[in-house]
Amino acid sequence: MAAEFPEIRFPVVAQGGEANWAAPQAPASWSSCAKDWLLDPDSLTAKLKSRCQQFSVQLLGQHEASLLADEQRWLGQQQACVVREVILWCDQQPWVFARSVFPLQALAQQQLGLKQLGDKPLGEHLFKQPDLRRSSVEVSSFAPDSQVGQLHQQLGFPPATLFGRRSCFTAAAQQVLVAEVFIGASPLAQENSDD
C-alpha cells in the first residue's frame, strides 16, 4: 500500500537568503546528536533506514529552475538547472527535508540515472557511483519563521530552530548539490525543540 503523504507546496525553498551555509564552527562543543547527524560522511539514506522499520521518500517536485545565489557558488552560473525537493519519512514520521540541485545536462548522463529517480532516494543512488567524490560539509541553522521552519510546523511540530548540512557530490563529471535539513521527528529536531 502506498504511503499517504500530506500536500506540500513545491518548491518549499522559493528564495534564498535564509540559510547561512558555512564550514562547521567549534564542532567539539556540539552535542553528540548534532555531531552524529551533521558530520557523518556516510549515506544519510542508509543511516535513516537503519533507524526505522519503514523508510519512504515523498517527492515534492523536480523541475527546471534558477539557482539561488548561494548555490551558484558551487555550481556556477548554470544556464539551466534542475531542483528536486523531497521529504524523507521514517515510520510515517518526517525526518529530513532535502533539496538537491544539479545542471540540466546531468539529467542526460545515463550513468547517474537522475531522470528515472522518481520517489527513490537520491543519496542512496549517488553512493553507488564508482567515481563519487564529496566536498567538505557546510552547516546552517534555520529559524522557526524560515521556509523550512514553516514546513516543520505545517507537518504538525512546534516551532524550533532547525539544523541542516549540505555538500556537493561529483560523479560522472557532473555535480549535484545536496542540502539536508533535519525536521519533524528526527532526533536533531527533537533535541532542539526542547530548548
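**Close-up views of a predicted model**

View 1. Leu88 stands opposite Val96 in strand 3. The coordinates shown here and in the other views come from a predicted model.

**View 2. Strand 2 and its pairing with strand 1.** Strand 1 (residues 55-65) is antiparallel to strand 2 and is joined to it by 10 bridges. Within this pairing, Arg84 of strand 2 is the bridge partner of Gln62.

**View 3. The two faces of strand 2.** In a regular strand, side chains alternate between the two faces of the sheet. Cys81, Val83, Glu85, Ile87 and Trp89 point one way from strand 2. Val82, Arg84, Val86, Leu88 and Cys90 point the other way. Residues on both sides are buried. Strand 2 (residues 81-90) is largely enclosed by the rest of the structure, because 10 of its 10 residues are buried.

View 4. Ser100 lies in strand 3. Its relative accessibility is 5%, so Ser100 counts as buried, the cut-off being under 20%. Not counting residues up to four places away in sequence, Ser100 touches Val82, Val83 and Arg84, as well as Leu122, Val176, Leu177 and Val178.

**View 5. Nonpolar cores.** In soluble globular proteins, nonpolar side chains tend to be buried together. The largest nonpolar core in this model has 20 residues. Those with the most contacts inside this core are Ile87, Phe97, Val148, Leu151, Leu155, Leu162 and Ile183. Strand 2, helix 6 (147-154) and strand 7 (174-182) are the elements that give two or more residues to this core. Apart from it lies another core, of 19 residues, among them Trp30, Leu48, Val86 and Trp95.

**View 6. Contacts of Val148.** Leaving aside neighbours within four places in sequence, Val148 is in contact with Val13, Phe97, Phe142, Leu162, Val181 and Ile183.

View 7. Ser167 belongs to strand 6 (residues 162-171). Ser167 counts as buried because its relative accessibility is 2%. Its side chain and that of Arg134 are joined by a polar contact of 2.8 Å. Besides Arg134, the contacts of Ser167 include Ser135, Ser136 and Val137, together with Val176, Leu177 and Val178, when neighbours within four places in sequence are left aside. Ala179 is 12 residues from Ser167 in sequence, and the two are 6.7 Å apart in space, C-alpha to C-alpha.

Methods:
Residues numbered from 1 in each chain as written. Predicted model: local features only at pLDDT ≥ 70, side-chain atom pairs only at ≥ 80, totals over all residues. Heavy atoms only, no water. Buried < 20%, exposed > 50% of the residue type's maximum accessible area, 1.4 Å probe, protein only. Helix = DSSP H or I, 4+ residues; strand = E, 2+ residues; numbered from the N terminus. Pairing = 2+ DSSP bridges. Contact = heavy atoms within 4.5 Å. Core = buried A, V, L, I, M, F, W, Y, C linked by side-chain atoms within 4.5 Å. Polar contact = N/O pair within 3.5 Å; in protein donor to acceptor, adjacent residues only side chain to side chain.
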